[in-house]
Amino acid sequence: MDFRISADDRVGNHKARGGKPQAASGGGKAGRVEPTLGQSMGFSVADERPAGGNGGGKPPKPPRQPRRGKAQPAAKKKRSRSGGFLMGLLWWGFVACLWGGIAAIGIVVYYGAQLPSSNTWAIPERPPNIRILAADGSLISNRGQTGGEAVTYRELPYYVPAAFIASEDRRFMSHFGVDPIGLLSVAIESVQARGVTRGASTITQQVAKNLFLTPDQTLGRKVQEAILAVWLEQNYTKEEILELYMNRVYFGAGATGIEAAAQTYFGVSARNLSLGQAAMLVGLLPAPSAYNPKSNPEKAIERQRIVLNLMAQEGYITQEEAQAAQIDPNQTVRTRVAGSESYVADWVESLMTAYIGEIESDVVVQTTIDWKMQKDAEFIVKELVASEGPKRGFSQGALVAMDVDGTVRAMVGGVDYQQSQYNRAVTAKRQPGSTFKPFVYMAAMEKGYTPETLAEDAQFEYNGWSPRNASGKYAGTVTLRQGLAYSLNTIAARLAIDVTPQAVIDVATRMGISSPLTAVPSIALGTQEVNLLELTSAYAPFANGGMGVIPNVITSITSKDGEQLYQASDAGPGRVVAPNILAEMNDMLETAVEVGTGRSANVGGWEFGGKTGTSQNARDALFIGYTSAMVTGVWLGNDNDTKTTLSGGNVPAAIWSQFMTKAHAGKSIAPIPGGSYDGQLVAQQVIDPATGQVVIDPATGQPMTQYVNAGTGQPVQTTTDPTTGQLMQLDPATGQYVPATAAQAATANQPIQTGQMVDPATGMVVGAQIDPATGMPIGNAGGMLVDANGTQIDPTTGMPVGQVVGAPAQAIDPVTGYPLQQQTNGVSQAPIDPETGQPMVLVVDPATGQQVWVPGAPAQMQPPAGVGQQPVYQEPQRQRTLMDLIFGSGEN
C-alpha cells in the first residue's frame, strides 16, 4: 500500500493551517485544537526519507519556533524575577530567624545550665529588721541591713504600687516576665540616639536580679535574669512580685524597701505616704544618690513631676491630682532629719547580739527612752553649743540622763547625728577630771576619815609627781568637805596616796565604772579615761540610797509575732555604799553645788548634789549631778581634743540645770535618801554579858552564833534548812520560816557588800575572837567594819577608827586649848567650836607665825563684795565657808 503524506501534512507547514493553531496554542481559549503529528511525536516521517528522494538535495531546514518572547510572555518573565527576589528575601529571612532562634535557644540553654536546678530556687529571706520603740511606743528608728520592716501590698495606699508600675514597668500587669515590646522600643530609641537610652528590664527582671544575681552588666547575667523572671511569673502572682520589689529595692541613704525609705526621708510609715511623697520616692530609683531629696532637692522635684505625669498618662490619677501633688520648685522639700534618738538606736542595735544572740527574723525592741526628755535634751545641748561654742572654743556635747535605778531616759551622743554618728556618750572615752574625785573621797570615808577631817592644801612632791590646783592658789589647812567642794587637786592627791590608788579603783569599780583603770596616784585627778554613760551611772548610788545600778535602755524584745525574747529584770549589784558613808558623801556633794564649783547649777527647789570636772587644758568639761529622782551627766569639748575655755561649772552646769528643771516638772519634790540597814541580817557571836567572853556551844565546841536585825539590833530567830543548808528566818507576820534572802527582799534592802559589822548591843566586832585577858577582839579577817550606827570600827582595837585605846578622843592644842588631833599624811580631824558647833579652822597667827585654831565661819556667810565670782546662768546659792574668800570664781 502506497502511503504518502501530503506537503500540507508536514510538520511545520504553516501555510496550510494559517495562524489558527498558533493562535489556539497561544490563546489557549479558542476551540480545542488537536495536535499535529509533529507536535505529538518526537520525530517526523519526512525526516526519515532518504536523501535524494522526491526532490533530492538537502533536507529542509527545521521550521521556526513560534515567537514566544515578545510582548506578553516577556512581561511575565520580569514579574517572575521580582517575585523571586522577595521570595528569596523571605526565605533567607526565615532561614536566618531559624538559625537565630536555634542560637538563642543555645545561649539560653548554655547560661541556664549554669543556674542551680529550678526545683531548688526559692525566694531568699529578707534580712531581719530591728524596730526600736520609745517607752510610749513611738518609733525611734529601724535598724538592720534594710533599715525598715517589710510591708504588704494591701497595707499601702493604692497610688504607691501604681507609682512603681507607671514609672518602672507600665506593661507589668500584662507581660510574662520579659517585655518584648519594651525591648524593641528601647532598641529603636538606642539606634536613633546612637547609644543606650534606658534600661529594658521589667519589674520582674529587677526582682530576679535583686534576689538571685549580681549586678554585673553581662550577656550571661541578662539571660539568667530573663529565665528567672519567667520562673517568677509562673510561680508568683503579680501582686506578690510587686510586693517583693517594693520591699527589696534600694532607695539610697541606707534604706532598702519602701518602709525604710519613707522613714528615712520623710519620717512617716509607708502606710501613710502622701501621693507626692510616694512619687518622689519612686523617682529616686534610677539614681538614688543623684535624686536624693535631702542633697539634691531640685532634681528630686523634677523626678517627682515626671512620675506624677506618668501616673496621669496611665490613668492611675487625674492630671489635676498630679498637679496638686507636685512641689513647687521654689519650695523646700520637707524631709526627716535624723535626731539624737538615732544615737540611742545605734546603741540598742549594738546590744542585740548580747541580749538575744543572732537575729534571724524581725524583732521589736521596747526601750526606756522618754521621748519628751530625749527631745528636750537634744534641743538644750544644741542651743547651748551653738550659742556658747564659738565663744569658748568647743563644738560638741553629750548628755546621759537616767532614773536613780539606772533606767536610761535620754541620751544625746552629739550635736548633729547627720554630720557625725560617733556616740560621745557611749563610745567616746575622755578624762573625767574632778568628777572622778568622789570615788577618792569615798575611799577615804571608808578608811575612817570624815567630811570634817583636815588636810593640807599645799604643793608637795610624791615620787617625782607634784600635783597643783587648777587655780594656782592654795588655802592651807582645809576640811575634806571644802577640798571636794572647791575641787582642790592637792587634797584629792593626798587622799589617793593615803588610801592607795588600788582602793580608789576598787571603790570606782564597785560604784559602776567598768573601764580598765591603772593604780597610779594621778588617778585622783581623773586622768584615766571613762565614758559618760558609766560615769553617770556611778553617781546613781549616791541618789538611790547606796544601791549599785547597771545602766539599762531595753525593757523587752519580742518577735514580730509577739513572742517574748527578752525581758528586763530588776537584779543589780545590791548595796555598794554603807549608809553612814553615803550620808557623808551626799553631804559633801551637796556642799559642792551649794558653795563650791557647781554652785551655778539649780533644779528649782529640789535637793541635789553633784560635781564639776575639767580635764587638763580644759579639753573636757563635765557636770554630773543627781536628785532623788534622776541622775544626769553632761560633757562638752572637741572631737580633736583641743583646748577650750570651758569649765565644768559654767556651760555644762547650765545644760544640766535646764534639762533637769524640765525633767522634774510635775514631780513631787523628795529629799535624797540616806540609806538604811533595816531588814539586813548580821551574824554575831553570842557574848556572855557577865564575862564578856564568847559563849561556846557545848555540843560542837564552837562559838555560838546568832543573827540580829542590823537596823534594830534585835535577835532574829533563824534555822537551817536540813535539805538545802539555806538559812531560814522566822517571818513574824505569818509565823512561818522563809528563806532569809526573801525576808530581806521584803524590806527592799540588800546585804551590805562593803564589809563586816559589829554587834549593835555590845559594840564588839561580829565574828571576831575575843582575847580572854583583855576582852578585846583578836585579829580580823579583813574588810570594813561598821557598827549599827554606821560608825567605822578599827578591826584591831574594836574602837571607832581614829580613836586610840586608853587615850583621850582628841589631843589638846597647847596654844589654843582646843581639842586637836595629830596630823598624819597631811590629814587630821578638825576640832569643834563649842559655841557654834562648827568645825574650827587652822590659820597662821601673823604675830607669832604659828598655826592656831580659830572659830569657823558662820554657816551661811556670804563672800564679801568685790571678790571675783564665776559668771553664772542661774542665781547662785548661798555660800557658807571662808573658802570663797580664797577661791572666789574657782572652777574645776
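A residue is called buried at under 20% relative accessible area, exposed at over 50%, and partly exposed in between (1.4 Å probe, protein chains only). The structure is a predicted model, in which local features need pLDDT of at least 70 and side-chain atom pairs count only at pLDDT 80 or more, while totals for chains, interfaces and linings use all residues. Residues are numbered from 1 along each chain as its sequence is written, and side-chain values use heavy atoms, with hydrogens and water left out.

Rings of Phe, Tyr and Trp (its six-membered ring) form a pair if their centres lie within 6.5 Å; planes under 30 degrees apart count as stacked, over 60 as edge-to-face and the rest as tilted. The whole structure contains 14 aromatic pairs. One of them, Phe-164 with Phe-251, is edge-to-face, with 6.4 Å between centres and 85° between planes. This pair links distant parts of the chain, as Phe-164 belongs to helix H5 and Phe-251 to strand E3, 87 residues apart. Helices (H or I, at least four residues) and strands (E, at least two) are DSSP runs, numbered from the N terminus. Phe-164 is buried, at 0% relative accessibility, and Phe-251 is buried at 0% as well.

The ring centres of Tyr-539 and Phe-542 are 5.8 Å apart and the planes stand at 90°, so this pair is edge-to-face. Phe-542 has 0% relative accessibility and therefore counts as buried; Tyr-539 is buried, also at 0%.

Side chains of opposite charge can pair when their charged atoms come close. A salt bridge requires a side-chain nitrogen of Lys or Arg within 4 Å of a carboxyl oxygen of Asp or Glu. There are 27 salt bridges in the structure. In one of them, Asp-639 meets Arg-424 at 2.8 Å, N to O. Both residues lie in loops, Asp-639 between E16 and H23 and Arg-424 between E7 and H16, so the pair ties together parts 215 residues apart in sequence. Asp-639 is partly exposed at 44%, whereas Arg-424 is buried at 3%.

A further salt bridge joins Asp-587 and Arg-481 (2.2 Å, N to O). Asp-587 lies in helix H22 and Arg-481 in helix H17, 106 residues apart. Asp-587 is partly exposed, at 26%, while Arg-481 is buried, at 13%. In H22, 13 of the 16 residues are buried, so this helix is largely enclosed by the rest of the structure.
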